[in-house]
Amino acid sequence: MQTTTTLPAPVSPWKRFLKQWGMTLGIVLSVVVIIIWQYSLNENITEAVLASTIRQSTPLVLGALCGLLGERSAVINIGIEGQMLLGAFIGFLVNVWTGNLLLAVFAAIITGAIMGLLLAYMSVTLKMDQIIGGTVINILALGLTGYFYQVGLTTNGKLQPIPLGPLADIPIVGPALFNNPPITYATFVLVILVHYILFYTKWGLRTRAVGEHPRAADTLGINVFKVRYVNVIIGGAIAGLAGAFLTLEAVGSFERNMTNGRGFVALAVMIFGKFTPLGAWGAALLFGFASAMQTQLQFAGINVPHQFIGILPYVLTIVVLAGFVGRTHVPAADGVPYEKE
Amino acid sequence: MDDQQTSEEGSQSFKAWLSALWRVMAIPLAAVLLALVIGAVLLAISGANPFRAYAALIEGSFGNMKAFGRTLAKATPLIFSGLAVAFAFKAGLFNIGAQGQLLFGALVSAVAGFMIKGLPPFLHATLALLAGATAGALFAAIPGVLKAYTGAHEVITTIMLNYVAINITDYIADGPLKDTSGGNVIARTPAILDSAKIPSIGEIPLGFFLAVLASVLVWWLLWRTTLGFEIRTVGLSPHAAKYAGMKVAFTVTLTMVISGFLAGMGGGIETLGIVGRYQPGFNAGLGFDGITIALLGKTHPFGIIPAAILIGAMKAGASTMQFNAGVAKEITDVIQALMLFFVTADMIVRKILRTKAESGEKITLSGWGQQ
């Protein structure tokens, strides 16, 4: 081991840019090329794939927002899956009881927020191991929804797409971006809103300070516990919204374990997106695109057993984690409970 | 752990040993009781009679010799999955993938059980069991290597691999190795040969004794060997382990491999001793139960045995409860989740019991960035 520190060799800005963004650019370019090529072959299928990409990416980007709000304030949230599942279930039940979709979405958000509060209580106040705390939430959600679930119930209607006037008629992107149900629009807004809050407001600065160096933040009079509680609760609410998307917008009914690992894929999306909302959005779109292609492959009648196509998103998640987690800056205090002196 | 240290000091005082045992057991016991009480409230809310439900649950799990045998049979794979999770905890790793490793163990044991022909009974069963365990170990090597050399967090990789395992085992049992005898249409492999079966002694399955033996071996490995010392050191502080010259990456990988070996053996025993073939869905959830059991058992090999018997009893009695008291089986999942909650959120329980937290018994796992 050398102990002397050497200055890094000067790197041209162009090279540094390539090193930081080269891979992302490459992926984006190849996806765009595939889309345009496909569009020249068959515009209907392309538009279907793009719309499906957006649909598949919505719960992932919401889950990732939930995750990164927590992580930026140094609380690891492994319980996104459970928060989503319970939100989906309660939203579904409220809709079945009342027939009201808006009330149901609201109930799902509140449920997610309560689960967020539970996680914050376990990890901030009780100082439990955060990964075990999140797992408790997952198992609790699976058990509760399994017990209270009744077969054969469906929602009273689903959230319907609202076309945004002439925007919806733009070729290629119109139907995918401007003809969506409300939660999908809300997701677009949330991504930008959370990005703005995290990087351009006082609250965001405090959150990041608490995530990087809680002791210093505390010295400056920031209430570390409060910042963590608020972020984790808001994160939970967003996960609840993702649950509402699943039952009230995408499917219209509830199934046992219907989240199917999305809460965990969302964590990979968050890491791939370098713990930023816009990055996570890009990563989620990539994952969504992979899932959409998977469905298309099945329709195209390519003779691969469906189980092999079914494992693609999971394998992609593992590859992304293995390739990116070491190269991403993780909030320095992530996962460490704060002890006031 | 306390019990072992005090036993080394000799018979200085039996009372000290008892109080140490109480300190270890108080939290899990209180967690179980609290979970049962809340479970009763939930039962009452959903319109059932909690006393009747619990009475039926006990009758179905300990009511007679046959029920007791069923409890032990259910507990057997649970001891293995609990050991798998607890073993990984000792190195600071959270193996949520015990489920996937267990599935591969169950499948490969079944394959070895019907494909290999002409072996004497004892040898065939042993070979099939080891084949399953090895399959689990190999599958667990993937997250182990990824964690050790790339830093990909094992919680996410093992959960993703669980889905991979479900899909691949489903494909094999519904495709290349599907049971085609007698016009069968269900996804399952052919039945294992008689020579591969692990028998029962009376009502008690032989596999249960193997599970107890495995607990003793794990205890020996962790507290009586150099490897065990290294594993526990890595778990307490990877930096200290590295500073002391231990190969942290290698230890992490090996820990996952051994953990997967245990999980795979659990799946194998379930196949060879009870199910008799591989059928998708038959082993669902056993790996996740391992998490609850490992934590209820305070991640100690000897704590896992009673914890697994408790969860096994709930599984064994669930159908009796459904039949006699008209309560959906899934309530046992809720109660189990509550047990997990209270045993991990031990500060809540300690407030009720008015005991102080002990140092050195808290589990810490690694975050994203660390390797």
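**Figure 1. Helices α3(A) and α11(A) are oblique to each other in this predicted model**. The angle between the axes is roughly 135°, and because angles over 145 degrees count as roughly antiparallel and those from 65 to 115 as roughly perpendicular, this value falls in the oblique class. The axes of α3 (residues 80-98) and α11 (residues 262-272) of chain A come within 7 Å, and their crossing is right-handed. On the α3(A) side the contact is made by Ile80(A), Glu81(A) and Met84(A), while α11(A) contributes Arg262(A), Gly263(A), Phe264(A), Ala266(A) and Leu267(A). Sorted by class, the residues of this contact are five nonpolar, one polar and two charged.

**Figure 2. The side of chain B that touches chain A**. Here 38 residues of chain B are in contact with 37 residues of chain A. At least two residues of this side are supplied by each of α6 (121-150), α7 (154-174), α12 (286-296) and α14 (331-344) of chain B, and the largest share, 11 residues, comes from α7(B). By class, the side of chain B that touches chain A has 24 nonpolar, 11 polar and three charged residues.

Figure 3. When its neighbours within four places in sequence are left aside, Gly204(A) is in contact with Ile197(A), Leu198(A) and Phe199(A). Val194(A) is 10 residues from Gly204(A) along the chain, and the C-alpha atoms of these two residues are separated by 8.8 Å.

Methods
Residues numbered from 1 in each chain as written. Chains lettered and ligands numbered in written order. Predicted model: local features only at pLDDT ≥ 70, side-chain atom pairs only at ≥ 80, totals over all residues. Axes fitted to C-alpha atoms, helices over the stretch in contact; angles between N-to-C directions. Helix = DSSP H or I, 4+ residues; strand = E, 2+ residues; numbered from the N terminus. Parallel < 35°, antiparallel > 145°, perpendicular 65-115°, else oblique. Left-handed = near helix turned anticlockwise from the far one by under 90°. Contact = placed C-beta atoms within 7 Å. Nonpolar A, V, L, I, M, F, W, Y, C, P; charged D, E, K, R; others polar.
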